[in-house]
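This report describes selected local features of one protein chain. The sequence and the structure are shown below.

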Amino acid sequence: ALALATLGSAAALLAALENNPQLNHVGRVELVEARLGDDALRMLPQQADYFARLQAAVGERIGPEERLFIAPSRPSFYPLFGKRSPSWWIYFFVKDADEAEQAELIGELAEVEWVLIVDQAIAEREELRFRNSYPLVWRQLETNFRRVPTPTLEANHILLRRRE
């Protein structure tokens, strides 16, 4: 019985390893080099492709002195673009942020030239989507910014630039 259980476990492990799309051979992960800022990292090809597209679509457009706001998550993008968050908050996962919080954030965005919103429900909850949980901020963005096309990125990546 023990031998049968061991054999079954081994077969299940092999099947899982062979059918994992991120593994090309049993236990071996194919990594490629990607440049992120001044660093060279090894990562999965699809991740390297995403970061290259992100850098081309966003990072290459933003001037060195221009400020950027990223929401509702992805604070790791700030160092990728050589930027600092304009807000102390770097994650925006609250349900129905109150008016005072939203007014404070709007004030922090007064000097921001660019905004990147990854517009998706958080934990599959639509009420946590940035536009739904921060409606006053969202309206300010719609009024004061224009959308910049980013055809190489997923449709939910919204890049905005301040209107002149």
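## A negative surface patch

Asp-98, Glu-99, Glu-101 and Glu-104 together form a negative surface patch. Patches are made of residues with over 30% relative accessible area and no salt bridge, like charges being joined within 9 Å. A salt bridge is a side-chain nitrogen of Lys or Arg within 4 Å of a carboxyl oxygen of Asp or Glu. Asp and Glu count as negative, Lys and Arg as positive, while His and the chain ends are not counted. The place of a charge is taken as CG of Asp, CD of Glu, NZ of Lys or CZ of Arg. Accessible areas come from the Shrake-Rupley method with a 1.4 Å probe, and for residues only the protein chains shown count as cover.

Glu-99, one of the patch residues, lies in helix α4, residues 99-108. Glu-99 is exposed, at 61% relative accessibility; the term exposed means over 50%, buried under 20%, and partly exposed in between.

## Basis of the model

The model is predicted: local features need pLDDT of at least 70, side-chain atom pairs count only at pLDDT 80 or more, and totals for chains, interfaces and linings use all residues. Residues are numbered from 1 along each chain as its sequence is written, and side-chain values use heavy atoms, with hydrogens and water left out.

Strands β3 (residues 32-36) and β4 (residues 39-43) run antiparallel and are joined by five bridges. Two strands pair if DSSP finds at least two bridges between them. Helices (H or I, at least four residues) and strands (E, at least two) are DSSP runs, numbered from the N terminus.

The hairpin has two residues between its strands, and Gly-37 in the turn has a positive phi of about 65°. Leu-36 stands opposite Asp-39 of β4. Asp-39 is partly exposed, with a relative accessible area of 47%. The C-alpha atoms of Asp-39 and Leu-80 are separated by 9.4 Å, although these residues are 41 apart along the chain.

## Backbone features in two loops

Most residues other than glycine have a negative phi, and most peptide bonds are trans. Ala-71 and Pro-72 are joined by a cis peptide bond, with omega about -5°. Pro-72 belongs to the loop between β5 (68-71) and α3 (77-80), and Arg-74 is also found between β5 and α3. The phi of Arg-74 is positive, near 75°, and this residue is partly exposed, with a relative accessible area of 25%.

Glu-124 is located in the loop between β6 (114-118) and α5 (130-133). Its phi is positive too, near 60°, and Glu-124 is exposed at 79% relative accessibility.

How values were computed. Buried < 20%, exposed > 50% of the residue type's maximum accessible area, 1.4 Å probe, protein only. Patch = residues over 30% accessible without salt bridge, like charges linked within 9 Å, V, L, I, M, F, W, Y side chains within 5 Å.
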